[in-house]
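Welcome, and thanks for taking a look. Please have the sequence and the model side by side as you read.

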Amino acid sequence: MNIEKFVREFADQYDDISTENFTAETKFKENDEWSSMTALSVIAMVDESYSVRLTGDDVRKSTTIQDIYDIVSLKVNG
Amino acid sequence: MQFPFHKYGLTFRLVEESDAQFILSLRTNKERARYLSATDDDLQKQTEWIKAYKQRENERKEYYVLFEDDNQQPLGVFRLYDITAESFTSGSWLIKPGCDEFVGLKSDLFVGFLAKEVLKLGDWFFDVRKNNKKVLRYHKMFAKVINEDELNVYFAMDRAAYEKKSSFLTSIIQPDIY
């Protein structure tokens with residue numbers, strides 16, 4: 001897995017805000033667009049691109065994109 | 001009808017006239033209701049609308065459902081309508097700002113449960129505004145696009161698609177189910 005690619009894929013799930021400055025350390029819930037639909041989009045992207053199923057708890061306990069990346073990495077390698 | 005239902009940590013009950021203010025607050029929220037048809041900011045009109053709806057509910061033509069948390073605080077609504085022997089439509093789905101991010105998913109899971117397992121309704125049809133990109137992406141994961149026009153994309157979902165969707169959503173909220 002590649003963190004830069006993951007950040008771009010993550011950022012693609014946002015339609016209304018600028019994501020040019022998104023990095024691994026971006027707190028992805030701290031913006032006006034974060035909602036249940038954004039969460040679902042992220043989960044669907046991870047499912048499709050990495051064949052990994054994130055749970056609501058995975059998303060709830062994560063703050064940064066890096067947190068989600070680490071969970072996905074663990075599941076991919078688990 | 002067995003309302004209220006307690007599922008996924010939420011309570012689902014039928015809308016009453018006393019819910020008019022809450023529904024009006026959702027439907028007149030520019031951000032939340034931007035993909036729905038416009039609603040007048042008029043409590044009396046909303047109350048009258050619900051009164052007329054209750055008649056359709058009595059005739060089992062329509063179900064307007066409100067979901068609330070453990071403290072009986074209303075969180076959102078959805079509606080099943082155009083119910084015939086063969087099919088139904090879902091819509092009017094709105095959630096209060098600031099809710100847990102998985103309340104939407106849980107309420108959508110309940111839409112399917114209510115329609116398919118409780119009411120045993122037929123084929124599921126619904127439409128999504130073309131500019132509602134995330135919701136479009138979400139529904140394209142499970143439902144079939146059957147038509148589109150300038151404003152909307154029209155979807156149909158058969159039993160197999162419903163079961164696939166339910167399985168996917170349930171796996172996401174599994175730790176929350178009780």
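## Confidence

Keep in mind that this is a predicted model. Chain A has an average pLDDT of 93, and 100% of its residues score at least 70. Within chain A, helix α1 (residues 3-11) has the highest confidence, at 97, while helix α2 (residues 36-50) has the lowest, at a mean of 90.

## Where the chains meet

Let us turn to the interface. Chain A contributes 25 residues to the contact and chain B contributes 21 residues. Together the two chains bury about 1800 Å², with 57% of that area on carbon and sulfur atoms. On the chain A side, A:M37, A:L40 and A:R60 provide 33% of the area buried against chain B, more than any other three residues.

Charged pairs also take part: five salt bridges are counted between chain A and chain B. One pair to look up is A:K29 and B:E101, whose side chains form a salt bridge at 3.5 Å, N to O.

## The nonpolar core

The largest nonpolar core holds 81 residues. Those with the most contacts inside this core are A:F6 from chain A, and B:F12, B:V77, B:F78, B:L80 and B:L114 from chain B. Setting aside residues up to four places away in sequence, B:F78 touches a list of residues that includes B:F12, B:Y63, B:Y64, B:F67, B:W93, B:F110 and B:L114. In soluble globular proteins, nonpolar side chains tend to be buried together.

## A closer look at A:I65

A:I65 lies in helix α4 (residues 65-77) of chain A. With a relative accessibility of 0%, A:I65 is buried, because the cut-off for that class is under 20%. Beyond residues up to four places away in sequence, A:I65 touches A:F6, A:V7, A:F10, A:F22, A:T23, A:A24, A:T26 and A:F28. A:D15 is 50 residues from A:I65 along the chain, and their C-alpha atoms are 17 Å apart.

## Helix and hairpin in chain B

Helix α3 (residues 103-118) of chain B has 14 of its 16 residues buried, so the helix is largely enclosed by the rest of the structure. Just after α3(B), B:K120 adopts a positive phi of about 55 degrees.

Further along chain B, strands β7 (residues 144-148) and β8 (residues 152-157) pair in the antiparallel sense over four bridges. β7(B) and β8(B) make a hairpin, with three residues between them.

Terms used: Residues are numbered from 1 along each chain as its sequence is written. Chains are lettered from A and ligands numbered from 1 in the order in which they are written. This is a predicted model: local features need pLDDT of at least 70, side-chain atom pairs count only at pLDDT 80 or more; totals for chains, interfaces and linings use all residues. Side-chain values use heavy atoms; hydrogens and water are left out. Two strands pair if DSSP finds at least two bridges between them. Helices (H or I, at least four residues) and strands (E, at least two) are DSSP runs, numbered from the N terminus. pLDDT is the predictor's confidence in each residue, from 0 to 100. A nonpolar core is a set of buried Ala, Val, Leu, Ile, Met, Phe, Trp, Tyr and Cys residues joined through side-chain atoms within 4.5 Å. Buried means under 20% relative accessible area, exposed over 50%, partly exposed in between (1.4 Å probe, protein chains only). Contact means heavy atoms within 4.5 Å. Buried area is the accessible area (1.4 Å probe) that two parts lose on being put together, summed over both. A salt bridge is a side-chain nitrogen of Lys or Arg within 4 Å of a carboxyl oxygen of Asp or Glu.
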